[in-house]
Amino acid sequence: MPELPEVESVRRVLLDRLTGLSVHSVEVIRSDVIKLIKHPRSSLGSAIDHRQLLVGGSIKDVIRHGKRLALVVHDGRILEFGLGMSGLLRFEEAGSTGEEELHEHVRWDLKGVGGGAAGKLIWKDPRRFGSITPVGSWKALTQVQWAHLGPDALKISEAEFISRIRAGSSAIKVRLLNQQVVAGIGNIYADEALFRAGIRPRRAANRTSPARLAQLRRVAIEILREAISAGGSSIRTHLDPEGRSGRFQEAHAVYGRQNEPCVRCGEVIRTCSLGGRTTAWCVRCQK
DNA sequence: TGACACCTGGGT
DNA sequence: ACCCAGGTGTCA
């Protein structure tokens, strides 16, 4: 489900709904979705420290870097989420008649300022490619858990974007997908940005002129912002915590439009495989 | 750089 | 029965 715009849509809803609520208790249905920092392959087993899952804390902030999300509580404890392909956070208001769904792995019980039940936050992830990682501090979050991520795609400067992209010789789309280079762009928005910038996805990154890269950054940010305004793209599973789907898929120019005519020139949109991902582009508009 | 692995579900 | 899917880590 998640690239930057989808995760940002989730962040905004969570910030609005959860800020100020306190975490009363947590129910761990599948403990192996919780991954420790230094031992990413090990699960916590049966002895889960519920404090690491924010129990007793009151939610102060919800932050995002690239495609990653984190809940911050008042005393500095942080819980970090990678949504993988199908991870989703759902907010179920107290008293709502929501039935338990398949593939729900963790459920937090939240209380309001007065101590009354506010609702439940639920982690649902059918494919289980996602992860929940307790991090003790801001320092552990930024210097360990997120240390390998490049600058956020919405915040990266033009100079830094150009130099980081050009630091490798692989296909430009592969560089865009590399979260170490720039964080937040995935398969959809890489294809859409390259189309809008008129750049062939296979072009060698270091043989793309600084001027064209400046243009690529500009249109990528433009597309990401448009997508956020539309609530992200809902191809199959993306829903925000209130169950609303995004609408940006209706605006896709190339992603998912193979064999259809290019919106700009009418040429048939082709696909190939790049970095193991299906890539859609217009052979006439992108050079 | 690519192949494969991790998973489940939906479409053909 | 097969192929595909918004991600990411490891291996040759």
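User: Where is D152 placed?
Analyst: In this predicted model, D152 sits in the loop between α2 (138-145) and α3 (158-165), where helices are DSSP runs of H or I with at least four residues, strands are runs of E with at least two, and both are numbered from the N terminus.

User: Is D152 buried or exposed?
Analyst: D152 counts as buried because its relative accessibility is 3%; buried means under 20% relative accessible area, exposed means over 50%, and partly exposed lies in between, using a 1.4 Å probe and protein chains only.

User: And what is D152 in contact with, leaving aside its neighbours within four places in sequence?
Analyst: With those neighbours set aside, D152 is in contact with L4, R64, H65, G66, V182 and A183, contact meaning heavy atoms within 4.5 Å. A polar atom of the D152 side chain also lies 2.9 Å from the backbone nitrogen of L154.

User: Before we go on, how are the residues numbered?
Analyst: Residues are numbered from 1 along each chain as its sequence is written, while chains are lettered from A and ligands numbered from 1 in the order in which they are written. Because this is a predicted model, local features need pLDDT of at least 70 and side-chain atom pairs count only at pLDDT 80 or more, whereas totals for chains, interfaces and linings use all residues, and side-chain values use heavy atoms, with hydrogens and water left out.

User: What about domains in chain A?
Analyst: The domain assignment, which is automatic or taken from a database, gives domain 1 (4-145) and domain 2 (158-281). Their C-alpha centres lie 29 Å apart, and the contact takes 19 residues from domain 1 and 19 residues from domain 2.

User: How much area do domain 1 and domain 2 bury between them?
Analyst: They bury about 1,500 Å², with 66% of it on carbon and sulfur atoms, where buried area is the accessible area (1.4 Å probe) that two parts lose on being put together, summed over both. In domain 1, P5, E6 and K67 lose the most area to domain 2, together 34% of what that side buries.

Technical notes: A polar contact is a pair of N or O atoms within 3.5 Å; within protein, one must be able to donate a hydrogen and the other to accept it, and residues adjacent in sequence count only if both atoms are side-chain atoms.
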